[in-house]
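Here is a set of questions and answers for a first look at a structure. Each answer works toward the value or name asked for.

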Amino acid sequence: MSRTSCPACEEGRLEKFLEIPSVPVYCNVLWETREQALQAARGSIELGFCSACALIYNMAFDADIVEYNVAYENSLHGSPRFQAYAEKLAAQLISDCNLQGKDIVEIGCGKGEFLALLCHDGQNRGHGFDASYDGRVDEVAGAHVEITRDYYSDAYGNQPANLILSRHVLEHIETPAEFVRTILAAAEKAQCEHVFTEVPDGMWTLRDLGIWDIIYEHCSYFTAPCLERLFKANGFEPQPATSAFGGQFLCLRATRGEAVDSTTLANSKEQAAAIAEVGRLVTGFSAHYDQKVGEWKTRLADLHAAGKRTAIWGVGSKGVTFLNVVPGADQVAVTVDINAMKLGKYVPGTGHRVQGPESVIDEKIDVVLVMNPLYRDEIAEQLSEFGASPEFLCV
Ligand SMILES: [Zn+2]
């Protein structure tokens, strides 16, 4: 059963514009055996657009088949480029929100790396919540970070907080408006001044055709007008959402305010224009999506026909999606990742075994497909240390 009512503005209707049948439910759970990986659960993606608030949502999303546990591994902190971004963001938040000796709640804190940064650099106390937390947390945070292995809910609303943040969480939540109200209730109880949220920027997917970020785990895709509207409608006063990480992320900082009713929101000309702009990109998206997948199908077929051995670098959402969506990608010889927790495990859907950077030499790889162009230089640098100089193609 497809959902047609919009879970963000809770008034508009979702109109379907793209279908991607049968993709792995999890891109960030790798498997112990090839057989398990090949049999990994699948789901369908049917993206719908709400012209009232600009939400893009997987109408076929079934929350019952997605469960986050300790097998969920999506830490990117092993990458210097990502770590530098996280450190800069932490410093910015500490400064903007005046976080010195304060309490910070992070919803969906993963392994706690970012919370540790905030606490270490600002002498703050961190309280994290994550159902996939496995006990690892940056040691430099010492006793200042406490993590509860659970989904965040109203039950934890009594936690003291000067900042409540969530990064890459909202897009996983089936009912985003309810979630924002949960944050508001907690912020009110704690008299919390600041709220921060970071999500993938839907414009990267729509405009820059970052199509490998369309994954089952993400039911929602937010753009700036949608995210701002969501917070305004549910009792926050947001600052304009800003793009970050080379246009791939969208950040929003807000304070508590008055909930703005939907008529007032709909009457904002600026808001309507921004939503219409997203709508225009949505209209042509399906054709662009097919074209990009088709181009990569041809490129891969040409490379393999010429006897070139290929590797995918980056076994996260993008890499797993590429392998599963592009016809012929099962012929990619090697999948590489620098996250030690992923090594030796198997990719859902295609059964590739994840190997370390040295496999580019061992497996005589001619062409490395870089799944995130932001990492191209650090990958080239790493490989040159091994004496490898393959051709690079940014996907
Ligand atoms: Zn809506």
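Q: At roughly what angle do the axes of helix H6 and helix H8 cross?
A: In this predicted model, H6 covers residues 224-233 and H8 covers residues 269-305. Their axes come within 8 Å. The crossing angle is roughly 135 degrees.

Q: Which residues of H8 make the contact with H6?
A: H6 brings Ala 224, Pro 225 and Arg 229. The contact residues divide into five nonpolar, one polar and one charged. On the H8 side they are Gln 271, Ala 274, Ile 275 and Val 278.

Q: Which strands stand at the edges of the open sheet of four strands?
A: The order is E1-E2-E3-E9, with antiparallel pairing. Each edge strand has a single partner, so one side of it is left without a neighbour in the sheet. The edge strands are E1 and E9 (220-221).

Q: Which residue in E9 is the bridge partner of Tyr 57?
A: Strand E3 covers residues 56-58 and runs antiparallel to E9. Two bridges join these strands. The partner of Tyr 57 is Ser 220.

Q: What angle does the direction of H8 make with that of E1?
A: H8 packs on the sheet. There it touches E1 and strand E2 (42-50). The angle between the directions of H8 and E1 is about 35 degrees.

Q: How many residues of helix H9 are buried?
A: H9 covers residues 317-325 and is mostly covered. Its buried residues include Lys 318, Phe 322 and Asn 324. They pack against strand E1 (14-24), H8, strand E13 (310-313) and strand E14 (334-336).

Q: Which residue in E14 is the bridge partner of Trp 313?
A: E13 and E14 belong to an open sheet of five strands, ordered E15-E14-E13-E16-E17 with parallel pairing. Its edge strands, E15 (354-355) and E17 (391-394), each pair on one side only. Three bridges join E13 to E14. The partner of Trp 313 is Val 336.

Q: How many of the 10 residues of helix H3 are buried?
A: H3 covers residues 113-122. Among its buried residues are Glu 113, Phe 114 and Cys 119. Their cover includes helix H2 (80-96), strand E4 (103-107) and strand E5 (125-129). The buried residues of H3 number eight.

Q: Which residue just after H3 takes a positive phi?
A: H3 ends at residue 122. Just after it, phi is positive, at about 55 degrees. The residue is Gln 123.

Q: What radius of gyration does the chain have?
A: The chain has 395 residues, and 48% of them are buried. Its C-alpha trace spans about 60 × 50 × 35 Å along the principal axes. A compact globule of 395 residues would have a radius near 21 Å, and the chain agrees. Its value is 21 Å.

Q: How many helices and strands does the chain have?
A: Among contacts between residues at least 6 apart in sequence, 67% join residues at least 24 apart. The secondary structure of this chain comes to 11 helices and 17 strands.

Definitions and conventions
Residues numbered from 1 in each chain as written. Predicted model: local features only at pLDDT ≥ 70, side-chain atom pairs only at ≥ 80, totals over all residues. Rg over C-alpha atoms; globule rule 2.2 N^0.38 Å. Buried ≥ 20, exposed ≤ 12 C-beta atoms within 10 Å, placed from the backbone. Contact = placed C-beta atoms within 7 Å. Axes fitted to C-alpha atoms, helices over the stretch in contact; angles between N-to-C directions. Nonpolar A, V, L, I, M, F, W, Y, C, P; charged D, E, K, R; others polar. Pairing = 2+ DSSP bridges.
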